[in-house]
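I opened the notebook to look up pockets and ring contacts in this structure. My entries follow.

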Amino acid sequence: MSDIDTTPRTPGRTPGRTPGPWDVQPSPQPETPHASAAAAPAAEQPVEKDQSLVWALASTALMGGFLWWITGSAVVAGAVLIGLFVHEAGHALVMNRLGMGPARIYIIPFLGGLAKARREPRSEWHGVLVSLAGPAFGLLAMIPFMGVGLVLGQSEWLAGAFFIAMLNLVNLVPAPPLDGSKALGPVLTRVHPRLEQVVLLVIGVAVVWWGLSTGRFILAAFLALSVFSHMKRGVWRAAWGTLSWPEAGKSLVLYLLTLAVCAAAAVGALLPVTEGDPAGAVRLGLSYLGVGR
């Protein structure tokens, strides 16, 4: 999950409120009516104190213990924890590459991870790239677990690889505050701003319901607060959005490609367990998520 605000500041807006992704954009200056958003200087966030080493170690230990408790496996817990770091590192690397750094990575006990930029992205397109970088880069964490699982023939290591893939796949769900909402939301806004809010709201409610029905109450509560915040973040953006049509097309293609790769990786991690049966791997994966029981 990445923490970026892709909406430019609007003069006259209520002080202290973070602009929402559908807030009205400021009108372009008369002397530069065709200026590109990418050419504007990135706004710098207030400098924050670095996370103390003690708290960083404590939060990581708490997260690791929580994962061990809910999975019952030290291998799977370690896989998910490593997957979190690699996922957030993907966000951070692209943030730094696009001039938004130095980015920081935080582990949030019981919830996951966060990569926080110091500067806002220069354009909505940069925000999309940052959002998709985490899930795409995060799949690299599967490699050692798949290797050990195939060499030793132990399904526990393959399950760890599967959950790393699922960590990245679930983050692509277009529900606030997941990466999918930041990657697909601007595309929906380019069509019409109301479409973004309706789609993200409907999917957000569905994900909250899934969390409640499968006993993932902490995740459900966190997502419910995010959906509520999504509804209260102010007026919608102007219908023209901030992505150009070519950027919207590229964003949609990259989103669908990343989604397909993460889904294929999740199924592929379970193929050795189901003796190469793709349908069986899909059923097993869904059962891990509490679907179809």
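For the lining tally I count Ala, Val, Leu, Ile, Met, Phe, Trp, Tyr, Cys and Pro as nonpolar, Asp, Glu, Lys and Arg as charged, and the others, Gly among them, as polar. I am working on a predicted model.

**Entry: the pocket.** I looked up the largest pocket and found a volume of about 1,400 Å³. I then listed its lining, which has 46 residues. Nearest the centre I noted Ile-70, Phe-163, Trp-210, Arg-216 and Leu-219. Sorted by class, the lining gives 31 nonpolar, 11 polar and 4 charged residues.

Which elements give two or more residues to this lining? I found helices H1 (53-71), H2 (74-97), H5 (155-171), H7 (193-213), H8 (217-231) and H10 (278-288), plus strand S3 (112-116). H5 gives the largest share, 8 residues.

**Entry: aromatic pairs.** I searched the whole structure and got 6 aromatic pairs. I took a look at one of them, Phe-66 with Phe-110. The rings are edge-to-face, with 5.3 Å centre to centre and 90° between the planes. This pair links distant parts of the chain, 44 residues apart. Phe-66 is in helix H1, and Phe-110 is in the loop between strand S2 (104-108) and S3.

How values were computed: Residues are numbered from 1 along each chain as its sequence is written. This is a predicted model: local features need pLDDT of at least 70, side-chain atom pairs count only at pLDDT 80 or more; totals for chains, interfaces and linings use all residues. Side-chain values use heavy atoms; hydrogens and water are left out. On a 1 Å grid over the protein atoms alone, a cavity is a set of points where a 1.4 Å probe fits but cannot get out, and a pocket is an open set with protein on both sides within 12 Å along at least five of seven lines; lining residues have an atom within 4 Å of a point. Grid points are joined across faces, edges and corners, and a volume is the space filled by probe spheres set on the points. Helices (H or I, at least four residues) and strands (E, at least two) are DSSP runs, numbered from the N terminus. Rings of Phe, Tyr and Trp (its six-membered ring) pair if their centres lie within 6.5 Å; planes under 30 degrees apart count as stacked, over 60 as edge-to-face and the rest as tilted.
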